[in-house]
Amino acid sequence: MGAESSHKQLRSASCSVGEDKTRQDTLYFDSYSDVTIHEEMIADNVRTNTYRTAIFRNSESIRGKVVLDVGAGTGVLSIFCAQAGAKKVYAVEACSIAEQAMEIVKQNNVEDRVEVIRGTVETVELPEKVEVIVSEWMGYALLHESMLNSVLYARDRWLKAGGLILPSRAELYITPISDPVVEDRLYFWYTVKDQYGVDMSCMSDFARRCIKNSDITVSTVAVEDVLSHPARFAELDLHSVTAEELRTVKGRFRCESFGSAAVNAFCVYFTVTFPCSDKPQSLVLSTSPFKPETHWKQAVLYLDFPVEVVQDTLVSGEVSMFPSEDSSRHICIHVDYTVGEKKIQSKTFSIPDWTADSQP
Ligand SMILES: C[S@@+](CC[C@H](N)C(=O)[O-])C[C@H]1O[C@@H](n2cnc3c(N)ncnc32)[C@H](O)[C@@H]1O
């Protein structure tokens with residue numbers, strides 16, 4: 001996925017084996033010091049508008065209260081909270097984008113209430129505890145970047161008992177898909193002879209190894225390629241989940257195929273949910289292929305070989321997500337699965353190394 005969008009490259013600064021956590025964090029925070037990634041996030045109106053709506057719908061709980069924005073970036077969520085009536089917002093941001101956040105806060109005349117603090121949330125000292133934590137911490141497949149650990153740290157250190165966390169819940173889903181594009185790419189090598197008189201069909205196996213590797217591919221899944229209702233395999237309650245529990249997030253799934261097709265991948269995506277004090281229903285930010293596209297797209301896990309299904313064929317198994325041994329900010333996804341009567345298969349996927357060098 002070398003030709004992926006700048007966003008992924010920027011958000012996925014990685015280290016090789018053995019590089020320590022400090023170096024990993026430096027690369028990670030450097031990736032947030034450029035404008036491109038903030039442009040992409042702010043321009044994602046599903047993301048930004050859902051946070052805005054959620055903050056305004058919770059204005060009863062925010063008005064007159066103290067808020068902590070974990071990883072404030074440009075300060076957009078902090079300013080939403082000030083606009084919703086917060087008495088004070090601590091906008092904590094580790095990287096140099098904090099300087100732009102300070103300017104934006106001034107430009108919006110909220111510097112009396114929004115205080116931008118440059119530093120990691122794990123190291124800064126706040127003068128008081130807070131009633132509300134807001135944070136946009138989600139990475140690809142939810143857990144890439146491991147920023148949720150920082151939110152949990154902030155919760156345990158700075159949130160008053162009974163405080164509000166926005167969002168307060170996250171859920172992970174999986175569904176089998178049939179992606180015709182990759183099969184067409186493999187078949188392409190059989191067509192070369194007709195075009196040029198040179199038989200390149202032996203490239204097909206090599207192409208399969210290159211394309212259907214163990215990378216987590218971040219791309220948009222077309223609705224028509226989804227082969228069953230998605231199955232939820234994990235749920236995280238942000239009020240109670242612990243860093244220890246995040247070391248492996250796993251769950252079982254059962255999907256029944258809509259019809260005849262060849263399963264050649266799984267699609268993993270997430271939702272996060274905001275409670276809404278003034279509405280009976282909560283607000284959901286969804287990255288489902290059935291919902292409007294976000295910059296997170298979907299995580300696609302290609303199987304080595306397609307498996308045929310017919311209507312109601314059961315595709316079931318277990319998904320485990322855990323940080324890579326090489327870099328704790330890189331997520332791995334292991335899937336054990338069976339399709340119909342076939343024997344159990346396993347494959348482990350990881351986010352490829354997009355380095356800072358590949359930034360535009
Ligand atoms: C996904 S961005 C969200 C930025 C902004 N809140 C928004 O919604 O546009 C996450 C931000 O959190 C910052 N960040 C990540 N971990 C942090 C930590 N432990 N302490 C402080 N900032 C952190 C990153 O540098 C990045 O700017």
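In the predicted model, Ser 146 is buried, since 20 other C-beta atoms lie within 10 Å of its own. This residue is found in the loop between strand 4 and helix 8, and its phi is near 55°, a positive value in a residue other than glycine. A positive phi of about 55° is also found at Asn 109, although it is not a glycine. Asn 109 has its place in the loop between helix 7 (97-107) and strand 3, and it counts as exposed because it has 10 C-beta neighbours inside 10 Å. A further backbone feature is the cis peptide bond that joins Leu 166 and Pro 167, with omega at about -5°; Pro 167 lies in the loop between strand 5 and strand 6 (169-177).

The chain as a whole contains 11 helices and 15 strands. Its radius of gyration is 22 Å, close to the 21 Å that the globule rule gives for 360 residues, and the chain is therefore as compact as a globular protein of that length. The C-alpha trace spans about 70 × 45 × 35 Å along its principal axes, and buried residues make up 43% of the 360 residues. Among contacts between residues at least 6 apart in sequence, 74% join residues at least 24 apart.

Five strands form an open sheet in the order 3-2-1-4-5, with parallel pairing. Strand 3 (114-118) and strand 5 (159-166) are the edge strands, each of which pairs on one side only, and the twist from one strand to the next averages 25°. Strand 2 (residues 88-93) runs parallel to strand 3 and is joined to it by 5 bridges, with Ala 91 standing opposite Val 116 in strand 3.

Helix 8 (residues 148-158) has as its buried residues Leu 148, Ser 150, Val 151, Leu 152, Ala 154, Arg 155 and Trp 158. The elements that cover these buried residues include strand 1 (66-70), strand 4 (130-135), strand 5 and helix 11 (243-246).

Notes:
Residues numbered from 1 in each chain as written. Predicted model: local features only at pLDDT ≥ 70, side-chain atom pairs only at ≥ 80, totals over all residues. Pairing = 2+ DSSP bridges. Helix = DSSP H or I, 4+ residues; strand = E, 2+ residues; numbered from the N terminus. Axes fitted to C-alpha atoms, helices over the stretch in contact; angles between N-to-C directions. Buried ≥ 20, exposed ≤ 12 C-beta atoms within 10 Å, placed from the backbone. Contact = placed C-beta atoms within 7 Å. Rg over C-alpha atoms; globule rule 2.2 N^0.38 Å.
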